[in-house]
Amino acid sequence: MDLHIHTCLSPCGDSKMIPETVLSHAKMHGLQIIGISDHNSAENVAAFKEAGERIGFPVIGGIEVTMLEEIHVLGFFDELENLLQLQDLVYNHLQGENDGEAFGEQYVVDADGFVARSCRKLLIGATDLSLEKVLDSIHQLDGIARASHIDRASFSVLSQLGFIPEGIYFDALELSPQAQTDTAEYKNPGIPLVRFSDSHHPQDIGRSFSVLSLGEPCVAEIRRALRERRDCKGDGGYLFTYT
Ligand SMILES: [Zn+2]
Ligand SMILES: [Zn+2]
């Protein structure tokens with residue numbers, strides 16, 4: 001699975017990141033599940049899910065939230081309604097209006113990839129939400145929370161805080177495709193480590209992926225698989241990841 005893919009809704013996302021292109025690249029690279037996670041918005045998730053359903057390809061809905069401290073955290077949900085509740089919280093804490101020319105266009109598309117409209121919110125901005133508030137909200141809404149690209153020098157919980165704060169529950173920590181293959185320094189006892197592509201362009205899709213054994217392609221099963229790995233403490237919760 002590759003659970004970190006941006007669409008044409010993200011200001012930094014390629015306008016070619018529409019359902020058909022994303023799904024065809026995912027299939028071409030042998031992926032079996034993808035996750036959609038735009039910056040501070042989930043307005044394209046329904047269209048990607050619908051397009052996936054048409055061809056029997058599981059699409060999991062998510063969002064990549066930018067916190068007060070410029071930390072990126074990903075939330076994924078089985079229920080679209082719950083994801084949209086989190087989006088409401090994010091929108092209520094996100095100021096400003098996008099300037100497409102300056103920051104990039106933010107296209108909301110339908111399942112066929114036609115542009116329905118542009119999202120006006122300043123998705124490139126940071127919310128004034130704390131890490132605790134976002135993680136509590138994701139879990140209360142029955143989602144799973146992942147720390148984005150913890151190896152990156154910016155926008156990660158480690159780059160901004162230097163450590164994983166106590167009392168903070170991440171279902172998994174994520175490495176970027178650029179992370180060194182020796183991941184020992186990123187291992188945290190008991191927190192599973194995964195690696196995904198953080199795709200912004202079609203050619204990025206599947207450049208990194210992780211393998212989990214699931215009964216069904218859904219968040220509940222991903223949570224179960226991550227918890228099982230968390231419980232077998234011996235290896236620091238490391239999951240096999242691939243580049
Ligand atoms: Zn990010
Ligand atoms: Zn991202």
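Let's start with a term: two residues are in contact if their C-beta atoms, placed from the backbone, lie within 7 Å. Now, in our protein chain, take the contacts between residues at least 6 apart in sequence: 70% of them join residues at least 24 apart.

A quick word on what you're looking at. This is a predicted model, where local features need pLDDT of at least 70, side-chain atom pairs count only at pLDDT 80 or more, and totals for chains, interfaces and linings use all residues. Residues are numbered from 1 along each chain as its sequence is written, while chains are lettered from A and ligands numbered from 1 in the order in which they are written.

So, what is the chain built from? It has 7 helices and 11 strands, which are DSSP runs numbered from the N terminus (helices are H or I, at least four residues; strands are E, at least two).

Next, the sheet. Strands of a sheet pair through backbone hydrogen bonds, either parallel or antiparallel. Here, 7 strands form an open sheet with mixed pairing, in the order β1-β2-β3-β4-β7-β8-β9; two strands count as paired if DSSP finds at least two bridges between them. At the edges sit β1 (2-5) and β9 (193-195), each pairing on one side only.

Look at β7 (residues 144-147) and β8 (residues 172-175): they run parallel, joined by 2 bridges. In this pair, Arg146 stands opposite Ala172 in β8.

Finally, burial: 44% of the 243 residues are buried, meaning that 20 or more other C-beta atoms, placed from the backbone, lie within 10 Å of the residue's own. Thanks, everyone!

Definitions and conventions. Buried ≥ 20, exposed ≤ 12 C-beta atoms within 10 Å, placed from the backbone.
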